[in-house]
Amino acid sequence: MSWFEKLKQGLTKTRDVINDKVDALLSFTKTIDEELYEELEEILITSDVGVSTTTKIIEMLRKKVRENRIDDPSKVKELLKEIIADILDNEKHSVIPKSTPAVYIVVGVNGVGKTTSIGKMSHYLKQKGYKVMLAAADTFRAAAIDQLEVWAKRSGVDIIKHQEGADPAAVVFDAIQAAKARGVDILICDTAGRLHNKKNLMEELRKINRIVEREYENAYKKTFLVLDATTGQNALNQAKEFMNVANVNGLILTKLDGTAKGGVVISIANELNIPVSMIGVGEGIEDLQEFDPKEFADALF
């Protein structure tokens, strides 16, 4: 199955909410009027596109209808697709580093699929020809270290780890030295996901960033935030919280196949101004891939 087929299949629940309802609405509509806009608004909000993003989409739709003098309701769906692709930025924000060596710091609360995403990301990058290493800096949970080790084996990449409770910055320090010695292209660091204890998390991330700046000055650096799409608008709130403690410049969205709330991707892109880099639509090692806005809009409709 191609990635687009997987994506289409993964977005089935969200598509049932958005596409099928839009189709049903347009099949009974004879004119483009206020009632149609209100119905479309309701469809988008119930698929977790969010109120402010939905308002923006409807305003853009009204403008396009006016400017192009469209009076045929059947053309509305294509306009919606264009608008959503535009909001999603229409530009791929690749997970491929602009230069090597590179250090990726991955953040996200426990349970969103952070460690699993790191494993799949390392497999993806290895397939692209990069030498990848993992740093198990989520030392708060023993399970996180073990889980990352399993993924390192599955992906065929090296891992640097300490014991549970060790200083995360010390793990990152050792990983950087090992990455330099072994000629690693991309070092991916797992970090603890304790958002309820923001002060500690902020200190921990600052310390890790200081180590990276000092020990790997010439490395290309990026911080990725992992979000669980099944939590809908909560994912958006989580992202806002994380942006207060970390300089997030890329998003990874997981579990899109298990939710009807996939509309949150549009909401996140619109409200946060942080690009979505990768999305997950399944359990398999190949089921986390780079995010293509146009492809997503096509699969959604």
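This is a predicted model: local features need pLDDT of at least 70, side-chain atom pairs count only at pLDDT 80 or more; totals for chains, interfaces and linings use all residues.
Biologist: How far apart are the end C-alpha atoms of helix α10?

Modeller: Helices (H or I, at least four residues) and strands (E, at least two) are DSSP runs, numbered from the N terminus. The expected span of a helix is 1.5 Å times one less than its number of residues. Helix α10 holds 18 residues, 198–215, so it should span 26 Å. The distance between its end C-alpha atoms agrees: 25 Å.

Biologist: Which residues of α10 are buried, and what arc do they cover?

Modeller: Buried means under 20% relative accessible area, exposed over 50%, and partly exposed in between (1.4 Å probe, protein chains only). In α10 the buried residues are Leu-201, Glu-204, Leu-205, Ile-208, Ile-211, Val-212 and Glu-215. They lie on the same side of α10, because their arc, taken from the directions from the helix axis to the C-beta atoms, is only 120°.

Biologist: Which exposed residues does the face of α10 turned away from its buried side carry?

Modeller: The buried side has its cover, which includes β1 (102–107), α9 (168–182), β4 (186–191), β5 (220–228) and α11 (233–245). The face turned away from that side carries the exposed residues Lys-199, Arg-210 and Arg-214.

Biologist: Which residues does the cis peptide bond join?

Modeller: Most peptide bonds are trans. Here omega is about 0° in a cis bond. Pro-101 sits in the loop between α6 (76–87) and β1. The bond joins Thr-100 and Pro-101.

Biologist: What is the phi of Arg-69, and what is that of Asn-273?

Modeller: Most residues other than glycine have a negative phi. Arg-69 lies in the loop between α5 (51–67) and α6, and is exposed at 75% relative accessibility. Asn-273 lies in the loop between α12 (264–272) and β7 (276–280), and is exposed at 71%. Both values are positive: about 50° for Arg-69 and near 60° for Asn-273.

Biologist: How many aromatic pairs are there?

Modeller: Rings of Phe, Tyr and Trp (its six-membered ring) pair if their centres lie within 6.5 Å; planes under 30 degrees apart count as stacked, over 60 as edge-to-face and the rest as tilted. By this rule the count is two.

Biologist: What is the angle between the planes of Tyr-104 and Phe-224?

Modeller: Tyr-104 in β1 and Phe-224 in β5 are 120 residues apart. Tyr-104 is buried at 0%, and Phe-224 is buried at 0%. Their pair is edge-to-face, 5.0 Å centre to centre, with planes at 75°.

Biologist: Which residues does Ala-152 touch, not counting residues up to four places away in sequence?

Modeller: Ala-152 lies in helix α8 (142–155) and is buried at 2%. Contact means heavy atoms within 4.5 Å. Beyond those four places, Ala-152 touches Leu-134, Val-157 and Ile-159.

Technical notes: Residues are numbered from 1 along each chain as its sequence is written. Side-chain values use heavy atoms; hydrogens and water are left out.
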